[in-house]
Amino acid sequence: MAGMYTTHMHLPRMVDMKEKVAEFWQEEAALSQPRKHTLQPIVTGTSVLGIKCRDGVVIAADTLGSYGSLARFRDISRLMKVNDSTIIGGFGDYADFQFIMKLLEQQTIDDNVVGDGVYRDAPSIHNWLRCVLYNRRSKMNPLWNTIVVAGRDFSGKPYLGYVDKIGVSFTDKSVATGFGSYIAQPMMRKAMEENPNMSVEEAKRLMVRCLKVLFYRDCRSLNRFQIGVVTETESSISDPISAETDWSIGANPSGYE
């Protein structure tokens, strides 16, 4: 009978309050950390140039990725062929530009999967990029890029657009980013005034001349560049090429001895 009144007491497990307090404050510290965004670009590319001509659009950029003032990466492509009607060029942080290229690659894959024959023309891609960049800017976490969109619309007309990291966008007959907006843009505008019916080949020669001047003047540029062309029958990006330079002109300026 005595066994009938036997009870089994379950004692609570001893809790180490020091561990609990430490865990609590670790969680609080993790939650109180500030949100971390890119505050400045790291590996950057300089000028991208674009010009509309009689039978298409020409876009150009060098292949240098600068790590601060160090010419660190000399063989990166800052031009991307999105589809048969559009090529884009990126100025600014190269990692952010790679992110944009991945987004566009996925958009192209989605179009191909649908298989209805409909594709995004240059104005559509330009407007889409404007929305993406403005959206990131509104979240106070911008993509540190300026994008030049070169191509043609559904009617086959040449199209050239510009959009920067805060979503400001416009179209023009010629555009330039970075230092090129001060050096190359006046050269392109003058050439278009003198020859408003410029051909693609003439535009390509003008691009080579502008990039050569930028190589002389811009310490973040390189004499190795790519030229992209979009016409009704062609959408291509050249292999890296170089222009002939002459540094003997460096002896001409005076007054800096």
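Student: A cavity is a set of points where a 1.4 Å probe fits but cannot get out. With that in mind, how much space lies in the largest cavity?

Tutor: The largest cavity holds about 60 Å³ of space. Keep in mind that this is a predicted model.

Student: How many cavities of 30 Å³ or more does a search of the whole structure find?

Tutor: The search turns up one cavity of that size. As for the idea behind it, rolling a probe the size of a water molecule over the atoms shows where empty space is left.

Student: Which residues line the largest cavity?

Tutor: Its lining is made of Val-82, Asn-83, Leu-104, Gln-107, Thr-108, Asp-111, Arg-120, Ile-125 and Trp-128. By type, four residues of the lining are nonpolar, three are polar and two are charged.

Student: And which element gives the largest share of the lining?

Tutor: That is α2, with four residues of the lining. At least two lining residues each come from β6 (79-83), α2 (94-114) and α3 (122-138).

Student: Let's zoom out. How many helices and strands are there in the protein chain?

Tutor: The chain has five helices and 13 strands. It runs to 257 residues, and 40% of them count as buried.

Student: What share of contacts joins residues at least 24 apart?

Tutor: Taking contacts between residues at least 6 apart in sequence, 62% join residues at least 24 apart.

Student: Okay, on to the cores. In the largest nonpolar core, which residues touch the most other members?

Tutor: Leu-49, Ile-51, Val-58, Met-188, Met-198 and Met-207 do, out of 23 residues in that core. The elements giving two or more residues to this core are β2 (48-53), β3 (56-62), α4, α5 and β12 (225-230). Among these, α5 provides the largest share of the core, seven residues.

Student: What does Leu-49 touch, leaving out residues up to four places away in sequence?

Tutor: Quite a list! Its contacts include Val-58, Ile-59 and Ala-60, then Val-175, Ala-176, Gly-180, Ala-184 and Met-188, and also Met-207, Cys-210, Leu-211 and Leu-214. There is also a second, separate core of 20 residues, and Val-82, Ile-88, Ile-100 and Ala-122 are among its members.

Student: New topic: rings. How many aromatic pairs does a search of the whole structure find?

Tutor: It finds six aromatic pairs. One of them is Tyr-162 with Phe-170, a stacked pair at 4.6 Å centre to centre with 20 degrees between the planes.

Student: Is Tyr-162 buried or exposed?

Tutor: Tyr-162 is buried, because its relative accessible area is 15% and the buried class lies under 20%.

Student: Last one: what separates the C-alpha atoms of Ala-95 and Val-43?

Tutor: Those C-alpha atoms are 7.4 Å apart, though the two residues are 52 residues apart along the chain. Ala-95 has its place in helix α2, and Ala-95 is partly exposed at 46% relative accessible area.

Conventions. Residues numbered from 1 in each chain as written. Predicted model: local features only at pLDDT ≥ 70, side-chain atom pairs only at ≥ 80, totals over all residues. Heavy atoms only, no water. 1 Å grid on protein atoms, 1.4 Å probe; cavity = no way out; pocket = protein on both sides within 12 Å on 5 of 7 lines; lining within 4 Å. Points joined across faces, edges and corners; volume = space filled by probe spheres on them. Nonpolar A, V, L, I, M, F, W, Y, C, P; charged D, E, K, R; others polar. Core = buried A, V, L, I, M, F, W, Y, C linked by side-chain atoms within 4.5 Å. Buried < 20%, exposed > 50% of the residue type's maximum accessible area, 1.4 Å probe, protein only. Contact = heavy atoms within 4.5 Å. Phe/Tyr/Trp six-rings, centres within 6.5 Å; stacked < 30°, edge-to-face > 60°.
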